Amino acid sequence: MAHNEAVDVVLVGAGIMSATLAVLLKELDPAIKLEVVELMDSGAAESSNPWNNAGTGHAGLCELNYTPQAADGTVDIKKAVHINTQFEVSKQFWSYLTKKGTFGSCKSFISPVPHLSFVQGDKGVSFLKERFEVLHKHHAFADMEYTEDKAKMAEWMPLMMPGRSPDEVLAATRVMNGTDVNFGALTNQLLKHLTSAPDTQVKYCKRVTGLKRNGNGWTVSIKDVNSGSSREVDARFVFLGAGGAALPLLQASGIEESKGFGGFPISGQWLRCDNPEVVKQHQAKVYSQAAVGSPPMSVPHLDTRVVDGKKSLLFGPYAGFTTKFLKHGSFMDLPLSVRAGNIGPML
């Protein structure tokens with residue numbers, strides 16, 4: 001087994017999380033040594049792939065679970081404002097990278113798509129109206145529009161209005177400056193930018209098989225899935241950005257914080273439409289309201305997606321159950337992750 005030279009940071013997984021963190025670290029300290037290791041043969045092959053997520057540039061504009069309503073009817077907007085602020089910082093960071101010249105254009109991964117919230121029934125309308133009244137006073141949401149006019153809603157979301165009863169109680173809000181983000185393209189753009197800097201490596205088809213403490217940090221055992229050869233890397237820090245596969249790696253680290261965590265790998269399936277005659281009728285991301293106590297993904301949403309310059313529609317996600325932690329994982333992922341200390345949380 002060859003012993004590799006020491007690096008400052010090993011980042012496991014070549015998705016949006018590792019790519020973003022690696023670029024941030026390199027910007028803060030250009031002298032830092034980084035290595036990204038990825039099991040697949042390319043970046044953004046799992047959750048960051050554009051067809052494995054809704055691509056919503058989450059900014060608190062349409063996600064109703066970010067603005068909970070109290071028993072007295074008041075709506076708390078703190079989370080929506082916080083998330084909106086975070087997304088604005090992300091956009092500023094991407095803009096900064098674009099100006100550097102080695103990152104490329106933001107137009108390749110971010111597109112303007114209105115964000116809509118849609119509710120049904122008297123209770124839903126009352127909530128959305130109160131939410132609008134509170135959010136609209138904040139400068140970040142000043143451009144939000146509210147309507148209970150079905151003709152106006154038919155303009156905003158034409159595919160969702162035909163066939164509805166004229167007596168149905170409905171309301172919607174719209175923010176025109178929402179976005180669709182191709183996180184796959186963004187990830188690969190970040191990785192390409194990263195490798196243009198010295199002392200950075202992105203290595204594919206590499207599986208992390210071991211993770212243990214040493215005197216100055218961690219020793220990471222890495223296996224090449226094609227050749228079968230193995231090596232070890234000494235790192236001061238290790239970041240586990242490997243999606244669902246982060247759980248067994250976290251368990252292998254033996255750190256106290258890993259105890260008690262269990263995996264519950266739900267799957268999300270989407271209906272996808274590429275028919276241009278249908279796609280051109282809808283230009284929005286429309287989110288609705290989940291029942292009290294239900295997860296947000298229990299209510300499918302209709303999303304305009306822009307991937308490689310082509311528009312599509314996604315409807316979903318539909319939740320299912322799998323024992324795989326990754327789409328390209330093993331059905332033994334869940335059983336092998338069970339420990340005496342995490343059975344309780346999973347149940």
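A: In this predicted model, helix H1 passes helix H2 in a left-handed crossing. H1 covers residues 16-28 and H2 covers residues 78-100; their axes come within 13 Å and cross at roughly 60°. On the H1 side the contact is made by Val23, Leu24 and Glu27, and on the H2 side by Phe93, Tyr96, Leu97 and Lys100. Sorted by type, the residues of this contact are five nonpolar, no polar and two charged.

H1 also packs against helix H5, which spans residues 183-195. Here the angle is about 35° and the axes are 9 Å apart. As H1 passes H5, the crossing is again left-handed. H1 contributes Ile16, Ala19, Thr20, Ala22, Val23, Lys26 and Glu27 to the contact. From H5 come Phe183, Leu186, Thr187, Leu190, Leu191, His193 and Leu194. The residues of this contact divide into nine nonpolar, three polar and two charged. Val23 and Glu27 of H1 take part in the contact with H2 and also in the contact with H5.

Another helix, H4, covers residues 150-156 and holds both Lys152 and Glu155. The structure holds 15 salt bridges.

Most residues other than glycine have a negative phi, and most peptide bonds are trans. Cys205 is not a glycine, yet its phi is positive, at about 60°. Cys205 sits in the loop between strand E9 (200-203) and strand E10 (206-214). The peptide bond from Gly316 to Pro317 is cis, with omega near 5°. Pro317 belongs to strand E16.

Strand E16, residues 310-321, also includes Phe321. Together with Phe264 and Ile266, Phe321 makes a nonpolar surface patch of about 340 Å².

Methods
Residues are numbered from 1 along each chain as its sequence is written. This is a predicted model: local features need pLDDT of at least 70, side-chain atom pairs count only at pLDDT 80 or more; totals for chains, interfaces and linings use all residues. Side-chain values use heavy atoms; hydrogens and water are left out. Axes are lines fitted to C-alpha atoms, for helices over the stretch in contact, and angles run from 0 to 180 degrees between N-to-C directions. Helices (H or I, at least four residues) and strands (E, at least two) are DSSP runs, numbered from the N terminus. A crossing is left-handed if the near helix is turned anticlockwise from the far one by less than a right angle, and right-handed if clockwise. Contact means heavy atoms within 4.5 Å. Ala, Val, Leu, Ile, Met, Phe, Trp, Tyr, Cys and Pro count as nonpolar, Asp, Glu, Lys and Arg as charged, and the others, Gly among them, as polar. Patches are made of residues with over 30% relative accessible area and no salt bridge: like charges are joined within 9 Å, nonpolar side chains (Val, Leu, Ile, Met, Phe, Trp, Tyr) within 5 Å. Accessible areas come from the Shrake-Rupley method with a 1.4 Å probe; for residues, only the protein chains shown count as cover. A salt bridge is a side-chain nitrogen of Lys or Arg within 4 Å of a carboxyl oxygen of Asp or Glu.
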